[in-house]
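Please walk me through this structure, from its overall layout down to single residues.

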Amino acid sequence: MTTYYDDRSVQVTSTAIRVDDRIYPLAEISMVWHRRGSRSWRVLAGRGALGA
């Protein structure tokens, strides 16, 4: 299993997506969309550190 993204509330792996306490196996997902929320400087700084 490969982990592509992991933070406190979301984890995306090669087999499933976990959001809070719910797990969605990739084999059962047919469509994904993104909803933009408010931005947090702490989150943006953390993502920048991961990218570096």
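This is a predicted model: local features need pLDDT of at least 70, side-chain atom pairs count only at pLDDT 80 or more; totals for chains, interfaces and linings use all residues.

Residues are numbered from 1 along each chain as its sequence is written, and side-chain values use heavy atoms, with hydrogens and water left out.

The protein contains one helix and four strands. Both kinds of element are DSSP runs numbered from the N terminus, helices being H or I with at least four residues and strands being E with at least two. Along the sequence the pattern reads β-β-β-β-α. Of the 52 residues, 6% count as buried. Here buried means under 20% relative accessible area, exposed means over 50%, and partly exposed lies in between (1.4 Å probe, protein chains only). The accessible surface comes to about 5000 Å², and carbon and sulfur atoms account for 56% of that surface. Such areas come from the Shrake-Rupley method with a 1.4 Å probe; for residues, only the protein chains shown count as cover. Among contacts (heavy atoms within 4.5 Å) between residues at least 6 apart in sequence, 5% join residues at least 24 apart.

Next comes the sheet. Strands of a sheet pair through backbone hydrogen bonds, either parallel or antiparallel. In this protein, four strands form an open sheet in the order E1-E2-E3-E4, with antiparallel pairing. The edge strands are E1 and E4 (22-25), each of which pairs on one side only. From one strand to the next, the twist averages 10°. The angles behind this value run from 0 to 180 degrees between N-to-C directions, and the axes are lines fitted to C-alpha atoms, for helices over the stretch in contact. Two strands are taken to pair if DSSP finds at least two bridges between them.

Strand E1 (residues 3-6) and strand E2 (residues 10-13) run antiparallel and are joined by three bridges. They form a hairpin with three residues between them. Across this pair, Tyr5 stands opposite Val12 and Asp6 stands opposite Gln11. E2 also pairs with strand E3 (residues 16-19) in the antiparallel sense, again over three bridges. A hairpin with two residues joins E2 to E3, and Val10 stands opposite Val19 in E3.

Which residue forms a salt bridge with Asp6? The partner is Arg18, with the closest N and O atoms 3.8 Å apart. Because Asp6 lies in strand E1 and Arg18 in strand E3, the pair ties together parts that are 12 residues apart in sequence. A search of the whole structure finds one salt bridge, defined as a side-chain nitrogen of Lys or Arg within 4 Å of a carboxyl oxygen of Asp or Glu. Side chains of opposite charge can pair when their charged atoms come close. Asp6 counts as partly exposed, at 45% relative accessibility.

Tyr4 also has its place in strand E1. Is Tyr4 buried or exposed? Tyr4 is exposed, with a relative accessible area of 57%. Leaving aside residues up to four places away in sequence, Tyr4 touches Val12, Thr13 and Ser14. The C-alpha atoms of Tyr4 and Ser14 are 7.4 Å apart in space, and the two residues are 10 apart in sequence.
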